[in-house]
2 protein chains.
Amino acid sequence: MAEKFPEVEGGGSLILAWQVKNKKVLVVGGGEVAAGRILNLLNADASVTVISPTSGLNPEVAHRVQNNQVTHLDKKFEPSDLDDPDITMVLTAIDDPEASSQIWKLCKEKRLPANIADVPPECDFYFGSVHRDGPLQIMVSTNGNGPKMANIVRRRIASNLPPNMGDAIKKVGRLRKKLREVAPQVEEGPKRMQWMSKVCVQWSLEDLCDMSEEDMETLLESYAPDRVPSLVDVRGPWEFDGSFGWACVV
Amino acid sequence: MAEKFPEVEGGGSLILAWQVKNKKVLVVGGGEVAAGRILNLLNADASVTVISPTSGLNPEVAHRVQNNQVTHLDKKFEPSDLDDPDITMVLTAIDDPEASSQIWKLCKEKRLPANIADVPPECDFYFGSVHRDGPLQIMVSTNGNGPKMANIVRRRIASNLPPNMGDAIKKVGRLRKKLREVAPQVEEGPKRMQWMSKVCVQWSLEDLCDMSEEDMETLLESYAPDRVPSLVDVRGPWEFDGSFGWACVV
C-alpha cells in the first residue's frame, strides 16, 4: 500500500500575505482602480508613491494625497521612476496599454514584482476580495473566474463569522506573545504550540475575548504543568474584596 | 462636509494571489514544513526545485520526488544555486538559522522574494491557511496572531459554504469566457461586467451549477438587449421530445 499524501490540485494561485510595512510601493495612475490598490497598500502600512498628473486623480486618491497618506508625483511615468532601489513593488492602473506594457517590461528587467491592471499576462500577482476584522484577513480568489462571485463569497463569509472573531484573535496573539516571554527557549516550540492550540480549541470565542491581562498571567501559570483551565477556573474562587467588586483569591 | 472615503486600517498584510505557473521556485529543505510549502506551490502549478540531501527528505517530500512532481537536488544549499536567472521565489525550511540568514541576504541582493520559515523578519511574505474548492481559494491570515486560530476560522468558513460554490464559480467563469467571445470590444467592458454581475446575483447557486453549455448559449442571446432571464426562462417553453425526457423548443 502506498502511503497517503495530499493530492495535488493544480490551477490555483499561491496566496501569500505580503509584508510591505514601510516598504516603498509605486502606483502608476490615480483613477478608481488605483484608489482601491492604494487602500489595500495603506491597510498593510506600505509607503505608497502615486505617479499621476493631478488632473488624473479621482476624489479618493486626491483625498489620500491631501492627507499625506501617500507621496504624490504630479507627472506621467518615466522609466527613471524605477531607478530608486528601495522600490519593492509596482502597480499600474492607467488607460494606456502601450505605456503599461513598457512598465511591465522594465519591472521584469529589474526583477520588480508588478501588477498591470486588466492585463492578466502582465501580472506577477492578482488581487482578490478581502474581508478584514482587526488582525484577521480573509482573501477570496476565484482565480479569474469572476470578481462578482468573489464578492458574493466574501460577503457570505463575513455575515457568517461571529462579530468577535477579530477580538478573540487579538487576545490569542497577546497570550502567545506573553507565553514566548515566559518560555522563550527554542526547544519549547512544540510544547508552546500544542498548549496554545488547546487554549484555542477548549475556550469559547466569548471567553477568549473576555480574557484580561490578569487572566492571561494566571492562565500562563498552567503552561509549565501543561494544563488548560477554563476561564472560570482561571478566575475562581472569588470573594468580595471590599472595594469596587470581586477580586480573585490567588 | 468632507467626502467619505474608506478609512485606512493599518496593521494588515497585502494579500495577493501570486501567479507561479511554470515558474521556477526554489525550496531549501525537505522536512515537514517544506512538504507543506511544496504542496502549496504544486497546487499553483509552480515548477519546484527542492534542495536537500536525500537523508533529509520526509516521506511526503520523498513521494513528490519519486513521482517527478518536483526536481530534486541531493545536496546542501550553495550560493551558486541562486545563479539561475529563472528562479522567481525562494522558500527555506531548514533547522540552520545561520544558513537561513545567509540565504535571505543573498536573495535580497538579487531582489528575489523569499520566505525563511519561522523567521518573520526574514520573510517578504507569510503563508496562511487556505481553503480550496476548485477555482475558489480562500486564504485566512491572522497576521501572526495565531496559526491555530487561522485553521479554526478556515474550517468554520469551509463548513458554512455551500458544497457547490466551486462548481458555480466554474460555470460563471465559463459563461464569462463565452461572453467575451460574443462581445470582445474593450468598450463593452462595463456592460459585460454589469450583465455578469446581474447573472451572479439573480441566479441561485444551484441554477448556476446546472447551467449547461447550451443554456449558456441561450442565455448569452439576452446580453445584447441587456436582459437576464432565469434558468427556467432560458430553458422553456418545454415539451416532451419522445426520447429520454424533456427537450427545449428553440
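**The interface between chain A and chain B**

Good morning. I begin with one pair of residues: A:Lys23 forms a salt bridge with B:Asp124, and their closest N and O atoms are 3.7 Å apart. Please keep in mind that this is a predicted model. Between chain A and chain B, the count of salt bridges is two.

Let me turn to the other polar interactions. Here 40 residue pairs, both members at pLDDT 80 or more, are in polar contact between chain A and chain B. On the side of chain A that touches chain B, helix α4, residues 147-160 of chain A, provides the largest share, namely eight residues. By type, the residues on this side of chain A comprise 43 nonpolar, 20 polar and 16 charged.

How many residues of each chain are in contact with the other chain? For chain A the number is 79, and these meet 79 residues of chain B.

I now come to the area. The size of an interface is often expressed as the accessible area lost when the parts come together. Between chain A and chain B, about 7,200 Å² is buried, and carbon and sulfur atoms give 61% of that area. Three residues deserve mention: A:Leu14, A:Trp18 and A:Arg111 supply 12% of the area that chain A buries against chain B, more than any other three residues.

Finally, I consider the strands. Strand β1 of chain A, residues 14-18, is joined by five bridges to strand β1 of chain B, also residues 14-18, and the two run antiparallel. Within this pairing, A:Trp18 stands opposite B:Leu14 of β1(B).

Thank you for your attention.

Terms used. Residues are numbered from 1 along each chain as its sequence is written. Chains are lettered from A and ligands numbered from 1 in the order in which they are written. This is a predicted model: local features need pLDDT of at least 70, side-chain atom pairs count only at pLDDT 80 or more; totals for chains, interfaces and linings use all residues. Side-chain values use heavy atoms; hydrogens and water are left out. Contact means heavy atoms within 4.5 Å. Buried area is the accessible area (1.4 Å probe) that two parts lose on being put together, summed over both. A salt bridge is a side-chain nitrogen of Lys or Arg within 4 Å of a carboxyl oxygen of Asp or Glu. A polar contact is a pair of N or O atoms within 3.5 Å; within protein, one must be able to donate a hydrogen and the other to accept it, and residues adjacent in sequence count only if both atoms are side-chain atoms. Helices (H or I, at least four residues) and strands (E, at least two) are DSSP runs, numbered from the N terminus. Ala, Val, Leu, Ile, Met, Phe, Trp, Tyr, Cys and Pro count as nonpolar, Asp, Glu, Lys and Arg as charged, and the others, Gly among them, as polar. Two strands pair if DSSP finds at least two bridges between them.
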